[in-house]
Amino acid sequence: MPIIFVHGVATRDINALRQRIEPFLKRFIAPEISTDSDQVKTFFPYWGDVGAAFAWGGISRPRSSILGMGGQTEALISERAIAVAALSDSLGSLPVSSEGNIATGGLAPAGPNTAGVSSTSTPRLKDLTPEQLSDLVTTIILSRPQTDLQQQAQIVLAADAVVYEADTFTKLASCPDSQSELKLLRQLISDRYKHEYGGGLAGMGPPAWLQNFSDRLGETLNRSVGLPGFVATRVLTEVRRPLNDFVMVFLGDVFKYLNARGNASALGEIPQIVLKELDKAIEIQQQTGEPIIVLSHSMGGQIVYDLVTHFLPNLPQYQNTRIDFWCATASQVGFFEELKLFVESKPDYSQSTGNLVPYPDQTHLGHWWNVWDPNDFISYSAKGIITAVEDEAYDSGMSVVGAHGGYLERPSFFRTFAQKLKAAKQQNWKK
């Protein structure tokens, strides 16, 4: 059973990306599409090395007002401030009472220019939904720098498994207070990780990290330390992938693809790279009869759309090739079609003509699930533009910086992905 992941812009280390994503594909997606999930093959076509290259190293981008012309981040921003900024993303999904307070602790959400307010009673973990608790814990785990990304993903999966165990919330409800809950959850995650992956969390970095996890979780819930919202967002932008750097590489990769993708008569480098990996998936499909599943992110969506609408239909060797299920996350397919930037884009389909773009030929594409995050300023809907697309929002609860890749870091997203696959399989992978 082949699964193909087509990455998006600004990816320059495919191995690191694979370490982050493959464990989620193996845990949630493979079991839905094969009775022997251990044998499912995953393919990660890498085109980043032929993406944008800046002749002057990107010096055309002015430096930010905080860092000036490349000042030292460490001297300007404390680790504690970074942690508060990173963890504040998850607060938006916590339960809100009729009085506007989070959970039961009387915690007022901070506005864009106000500091967080300490609570006299920390909200209880038992009051969250499994999805909320999983996302909250995931945010905290991912906020800690980790060189072993596969291990980090395994910790996330262990934590998610704990949250969804039948008796976890019963155990949390039996705790007398929030501190007991934090201690219990920390131990459950450690035990689950050791059981599944044969190791203890104590061996994965500083010995105090597991205790630090509880501290950060407690800090997130009661917001004992707060920063003005606009400062937190600015700090987050500076410490994570800077927003303006991201936009620069995003535009560069987009322009490079559009300029050099070619067509069916003269294949460009990027389509060739993706088709080469697709060939491997086709070989498996011919041997097993199993469907081909594609997950794309960001610009990867436009690449896949060009494949199913132009390259596969017009290349003789792919006349019978079909992607059975395509999940496009954070794509700009709808936006690109509005601008008529695809090889097969035609002026016949527009708001002025009243005609929607036809769904790609089902000879080459089965079910298409297009997913966008309302917090992600560069993900777009295709609803009302392309016929019959299953177009849905997924709220990662992350900031505008983190949301673009937030889909691929959340067990809750992959759980939904698995449900979509199950439903599509029952319909024989039809749209």
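Asp160 touches Phe28, Ser134, Pro411 and Arg415, leaving aside residues up to four places away in sequence. Touching here means contact, that is, heavy atoms within 4.5 Å. Asp160 is found in helix α5 (residues 149-163). Helices (H or I, at least four residues) and strands (E, at least two) are DSSP runs, numbered from the N terminus.

This is a predicted model: local features need pLDDT of at least 70, side-chain atom pairs count only at pLDDT 80 or more, and totals for chains, interfaces and linings use all residues. Residues are numbered from 1 along each chain as its sequence is written, and side-chain values use heavy atoms, with hydrogens and water left out.

**Burial**

Buried means under 20% relative accessible area, exposed over 50%, and partly exposed in between (1.4 Å probe, protein chains only).

| Residue | Relative accessible area |
|---|---|
| Phe24 | 3% |
| Asp160 | 2% |
| Cys175 | 11% |
| Cys327 | 0% |

A disulfide is a pair of cysteine sulfur atoms within 2.5 Å. By this rule the count is zero.

**Helix α1**

Phe24 lies in helix α1 (residues 14-33). Its contacts, not counting residues up to four places away in sequence, are Ile29, Ala153, Val156, Leu157, Leu408, Glu409, Pro411 and Phe414.

Helix α1 has a kink of about 40°, centred on Lys26. The bend at a residue is the angle between axes fitted to the seven residues ending there and the seven starting there. The end C-alpha atoms of α1 span only 24 Å, whereas a straight helix of 20 residues would span 28 Å at 1.5 Å a residue. That expected span is 1.5 Å times one less than the number of residues.

The buried residues of α1 include Glu22, Pro23, Phe24, Phe28 and Ile29. The buried residues of α1 pack against β1 (2-6), β2 (41-43), α5, β5 (293-297) and α15 (411-426). At the start of α1, a side-chain oxygen of Asp13 comes within 3.2 Å of the backbone nitrogen of Asn15.

**Nonpolar cores**

A nonpolar core is a set of buried Ala, Val, Leu, Ile, Met, Phe, Trp, Tyr and Cys residues joined through side-chain atoms within 4.5 Å. The largest has 54 residues, and those with the most contacts inside it are Ile29, Leu133, Phe325, Phe413, Phe414 and Phe417. Helix α1 gives this core its largest share, nine residues. A second, separate core of 46 residues includes Val6, Leu315, Leu365 and Ile385.

Terms used:
Polar contact = N/O pair within 3.5 Å; in protein donor to acceptor, adjacent residues only side chain to side chain.
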